[in-house]
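Hi everyone, thanks for coming. Today I'd like to walk you through one structure, so please have a look at the screen.

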2 protein chains.
Amino acid sequence: MRIAFIVYDDLTLLDFAGAYDPITRLKTMGFIKDLEYHICSLKSKVKAFEGVELIPDKVSNDLSEYDYIFIPGGEGVIKLLSDSEFISWIKNIAKDTVVTAVCGGSLVLGAAGFLYNKSATTHPSLMKYLSKFTENVSEHRIVEDGNLITARGVTSSIDLGLYICEKIAGVETREKIQKQMDYSAYTTK
Amino acid sequence: MRIAFIVYDDLTLLDFAGAYDPITRLKTMGFIKDLEYHICSLKSKVKAFEGVELIPDKVSNDLSEYDYIFIPGGEGVIKLLSDSEFISWIKNIAKDTVVTAVCGGSLVLGAAGFLYNKSATTHPSLMKYLSKFTENVSEHRIVEDGNLITARGVTSSIDLGLYICEKIAGVETREKIQKQMDYSAYTTK
């Protein structure tokens with residue numbers, strides 16, 4: 001089981017951290033011992049919109065080798081939508097990979113062609129832009145359609161991460177992780 | 001208005017990001033234009049427990065110059081409790097600074113002598129350790145006592161961040177930030 005977390009300049013840190021926390025607990029709490037996860041980028045250092053700098057694990061690596069890909073949102077998405085190098089990199093995801101995104105990350109999936117005829121969601125303020133990529137824009141917090149899972153704004157990243165935990169390791173494991181995160185607000189609606 | 005976010009090896013990223021997001025929105029959404037915030041550490045690079053590396057803004061700087069200090073939790077707290085250099089650094093906070101912590105970060109405040117006769121909280125699994133520093137351990141999600149504000153486990157960092165937003169800029173601003181974060185679960189109880 002291999003999971004890639006995509007990072008880029010001007011991402012929203014909480015978009016990334018919200019899903020990164022529960023998903024990495026699959027390994028750190030001992031549920032999926034052979035889980036491998038990497039923070040992947042086209043740059044060797046990334047600056048979040050809020051200012052903090054992160055150092056990715058992998059730079060310009062092959063995204064076709066992952067079971068799950070996660071794309072956070074953030075102000076940086078605006079530039080990514082016309083960044084042909086970045087979009088090409090994302091397009092190189094394998095067909096059987098589960099592709100996930102939160103907030104503006106859903107627009108990146110749209111630009112990379114993953115949303116055609118799919119139900120998806122994004123931050124409420126971005127839904128009008130998402131409708132350029134698909135007619136099926138949902139207001140639900142988590143939307144799964146085939147191998148695509150999208151979530152709404154910023155904090156819904158936590159719900160998306162927990163949803164992925166449940167898909168990978170079952171409801172009991174998701175509940176144990178949720179309890180350890182002291183999070184009673186989990187919802188997909 | 002100056003705020004310091006303390007980081008250290010083996011912190012929980014979401015403990016940090018949960019409060020960092022709403023508090024930095026005070027500036028990025030235009031509510032407190034002269035807000036200054038720094039990520040402060042005793043090291044020039046910090047590795048979170050989950051693996052991601054962060055680059056602090058300030059190293060070994062004077063913490064007496066801040067209006068608010070925020071300390072996240074994480075596995076690394078165990079080492080910090082007997083790290084005299086780190087504890088001395090934290091002790092150097094000014095008397096009128098508002099000192100805030102989430103999860104295991106509350107234990108760091110205990111080791112630095114900030115909890116004497118104060119009500120405080122921490123992650124439910126750590127409450128028995130917190131009781132070594134104060135008799136007034138609360139199970140509430142956010143606990144304010146004088147210039148000390150503590151929060152429970154991991155995700156309560158988001159609530160703490162929003163609580164601080166409300167203290168600094170009022171309830172309407174907190175509600176606007178909360179809406180932008182797509183977070184309906186805010187609670188202090």
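Let me start with a helix in chain A: the buried residues of α6(A) pack against α1 (13-28), β6 (68-71), β7 (98-102), β10 (142-145), β11 (148-151) and α7 (171-180) of chain A. Before going on, some housekeeping: this is a predicted model, where local features need pLDDT of at least 70 and side-chain atom pairs count only at pLDDT 80 or more, while totals for chains, interfaces and linings use all residues. Residues are numbered from 1 along each chain as its sequence is written, and chains are lettered from A and ligands numbered from 1 in the order in which they are written.

A few words on terms. Helices (H or I, at least four residues) and strands (E, at least two) are DSSP runs, numbered from the N terminus. A residue is buried if 20 or more other C-beta atoms lie within 10 Å of its own, exposed if 12 or fewer, and partly exposed in between, with C-beta atoms placed from the backbone.

Back to our helix. Ten of the 14 residues of α6(A) are buried, so this helix is largely enclosed by the rest of the structure. Among them are S156(A), D159(A) and Y163(A). And what comes just after α6(A)? There G170(A) takes a positive phi of about 95°.

Now, how do the two chains meet? Chain B gives 26 residues to the contact, and chain A gives 26 residues. Here, two residues are in contact if their C-beta atoms, placed from the backbone, lie within 7 Å. On the side of chain B that touches chain A, α1 (13-28), β4 (53-55) and α6 (156-169) of chain B each supply at least two residues. Of these, α1(B) gives the most, with eight residues.

Let's zoom in on the strands. β4 (residues 53-55) of chain A and β4(B) run antiparallel, joined by three bridges; strands pair if DSSP finds at least two bridges between them. L54(A) has L54(B) as its bridge partner.

That leucine returns when we look at symmetry. Chain B superposes on chain A by a rotation of 180° with 0.0 Å of shift along its axis (RMSD 0.0 Å), using least squares on the C-alpha atoms of residues with pLDDT of at least 70 in both copies. That is the relation of a two-fold axis. In chain B, the C-alpha nearest the axis belongs to L54(B), at 2.4 Å. Both copies use the same surface: 100% of the contact residues of chain B recur in chain A.
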